[in-house]
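Subject: The two-chain model, with notes

Hi there,

Here is the model I promised to send over. Have a look at it first, and then read on for what turned up.

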Amino acid sequence: MEKLSINSKIGIILFLLPIIILFTAFFIYPIGFLLVTSFYKWDGLSAPTLVGIKNYLTLFNDPVFRLSIKNNVGWLLAGGFIQVPLAITVAIFLARKPKGWEFLRTVYYFPNVISVVAISIMWMAIYNSGYGALNGLLKLVGLANLQRNWLGDLHLTYPAVVLYGVFYIGYFMIIILAEISSIPKQYYEVACIDGASRLQQEFYITLPLIRNSICTCMIIAMVYGLRQFEQTYIMTNGGPANKTMVMVLYLFKKMHSFRYGLASASGIILLIMGVFVIVGVRKLFKVEKYQM
Amino acid sequence: MNEMAYSRVRNNRINLYKSKTFKNAIMWIVLGFFLFYTIAPLVWLVISSLKTNGELMGAPLALPKTLQFQNYKNAFEVSGLGRLFLNSIIVSITATILNVIVSSMASYSIARYDFKGKELIFTLISAGIMVPVSALMVPVFILIKNLGLYDTKLALILTYSAMGLPLSIFIIRGFMNTIPKELEEAGVIDGCNFYQIFYKIILPLSRAGIVTAITFQFLYCWNEFIYAMLLTSSQTNRTVQVGIRFFSNQFTTDYTSMFAAITISIIPAIAGYVVFQKQIISGLTSGAVKG
């Protein structure tokens, strides 16, 4: 380590001060706050009382909270095991640079720059039983008997709310496509000479070489499945009969009924699940190096 | 013998040709499906925003007889969309500037100098990328209340600047890492101090990274909903995202005006994306986001 002048030392401190303040205020303090208040009963006004792990017990005894964990897990599995594989498939196709691939790459990313709120309201309209495009489309192709009240049905609403986003693959596709494009062409040429089919090439060359970005994408997709809130809040508000309740919405509702201790405890459970996802996916892909 | 070999090769070629067309067909079906899936809902939204409510109810997929630009006027008048737009612009621009200044300064220190605690700071900040920030609603709400900032634009500006820091640092630091040490040393010989090296040498050379960070941060601020809803309550401070959420209540019967409002809210994001596409794609691909 080379010796820094006193001037540079002061400079470094000054330059790091703003980020230390902001990061502490909006990341470290909140996480510490959640951890502490999750052991208290607190309505936000009167003095908090220490209740130990009672909040956590209350949560795990609440069937609505258990259902919201289940729903989040379903959501993250859909993200990791449907959305990401679809993105890989599309990326492999686009990596062959067919006509118009750049245009397709641009368009596939559109939903990622539009706010989740706008997308959710749009899909709420698409699913609407009266004027919705989905029922309209079903009628148009002669499948009018499949028309449903997509957001009011006890069994259909959860898949309806989860699945539409799974087919928006642009974000992951771009990350994976870049990784595929960086694979040296010679690998494929050699494989071609050895008589490997295209499918074999993708399986034995492409997939192993893009392992790291698949791992990253799965982590992002799964953490997204954990933290998601807007879709259910806007489209169903957790209904019908809590069938689409998710953890952040649960937290939000507890917060609004001034049960801050319970809200904090569910926040901590969410953060712990996030850590499990990251560690778990890394294990799955045997990625040791710290990424992201 | 020769003839047989020849015909085998020829047959293989024909099979190859057939199977190639077949594979291409699969490829185009897949690509076409995703194109339709991405575009069709948006097109439907825009077309519906130009219909009367009667037309929408009668035939959800039909085209309008006459284009109802009236809906767009309604969207502005009923919901005060102009005000919401202005708020979003003020919040997004200020939060982006603050975020990028803070993260450039920090990235410069982290990327170009060695000091005690550097690893710790960087590890903590990068871990921040993966924190589901929506879990932090309670403490952030209380923090903002205690600072006396509830229902102000400053509350959103501070929150967005802070929550975007991990990603911005990751992108900008990545670019600053690639600047050769010699340029900096030349600056030192010319008598530049810590600050002059920053704004005369490092900052101009990291422009591409900074633009990428600006693009991501701006989109994040423009589209953010949870904290906008949580930390503001009055029309004077609400952003577009919270606004369009409440349109769905205001326009309980006037769906087509609601569609118009959503269309308006989407346009800046799409326009920004089309202009800054290169930065976004390079941000996602040049190792910035994927590590």
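Leaving aside its neighbours within four places in sequence, which residues is Phe15(A) in contact with? They are Met105(B), Ala106(B), Tyr108(B) and Ser109(B). Two residues are taken to be in contact if their C-beta atoms, placed from the backbone, lie within 7 Å. Phe15(A) itself sits in helix α1 of chain A, and it counts as buried because it has 22 C-beta neighbours inside 10 Å. Buried stands for 20 or more other C-beta atoms within 10 Å of a residue's own, exposed for 12 or fewer, and partly exposed for anything in between, again with C-beta atoms placed from the backbone.

A word on the source. This is a predicted model, in which local features need pLDDT of at least 70 and side-chain atom pairs count only at pLDDT 80 or more, while totals for chains, interfaces and linings use all residues. Residues are numbered from 1 along each chain as its sequence is written, and chains are lettered from A and ligands numbered from 1 in the order in which they are written.

**The two chains**

Chain A has 15 helices and two strands, whereas chain B has 14 helices and zero strands. Helices (H or I, at least four residues) and strands (E, at least two) are DSSP runs, numbered from the N terminus. The C-alpha trace of chain A spans about 75 × 75 × 30 Å along its principal axes; for chain B, the C-alpha atoms fill a box of roughly 75 × 75 × 35 Å.

Buried residues make up 46% of the 292 residues of chain A and 45% of the 291 residues in chain B. As for contacts between residues at least 6 apart in sequence, 71% of those in chain A join residues at least 24 apart. In chain B, residues 24 or more positions apart account for 78% of the contacts with a separation of 6 or more.

**Where the chains meet**

The contact between the chains takes 74 residues from chain A and 71 residues from chain B. Helix α1 (residues 6–37) gives the most to chain A's side, with 17 residues. That side of chain A divides into 56 nonpolar, 15 polar and three charged residues. Here Ala, Val, Leu, Ile, Met, Phe, Trp, Tyr, Cys and Pro count as nonpolar, Asp, Glu, Lys and Arg as charged, and the others, Gly among them, as polar.

How do α1(A) and helix α7 (residues 153–163) of chain B cross? Their axes come within 9 Å, at roughly 95°, and are therefore roughly perpendicular to each other. Axes are lines fitted to C-alpha atoms, for helices over the stretch in contact, and angles run from 0 to 180 degrees between N-to-C directions. Angles under 35 degrees count as roughly parallel, over 145 as roughly antiparallel, 65 to 115 as roughly perpendicular and the rest as oblique. Leu22(A), Phe23(A), Ala25(A) and Phe26(A) of α1(A) meet Thr159(B), Ser161(B), Ala162(B) and Met163(B) of α7(B).

Helix α3 (residues 63–95) and helix α9 (residues 170–181) of chain A have axes that come within 8 Å and cross at roughly 45°, which makes α3(A) oblique to α9(A). Among the residues that make the contact are Val84(A), Ile88(A) and Ala91(A) of α3(A) and Phe172(A), Ile176(A) and Ile180(A) of α9(A). The contact of α3(A) with α9(A) has 13 nonpolar, two polar and no charged residues.

**Backbone points to check**

Most residues other than glycine have a negative phi, and most peptide bonds are trans. A cis peptide bond joins Gly239(A) and Pro240(A), with omega about -10°. Pro240(A) lies in the loop between α13 (230–235) and α14 (247–256) of chain A. Ala241(A) is found in the loop between α13 and α14 too, with a positive phi near 50°, and is exposed, with 11 other C-beta atoms within 10 Å.

Lys97(A) also has a positive phi, near 50°. Lys97(A) lies in the loop between α3 and α4 (101–108) of chain A and is exposed, having 10 other C-beta atoms within 10 Å.

Best wishes
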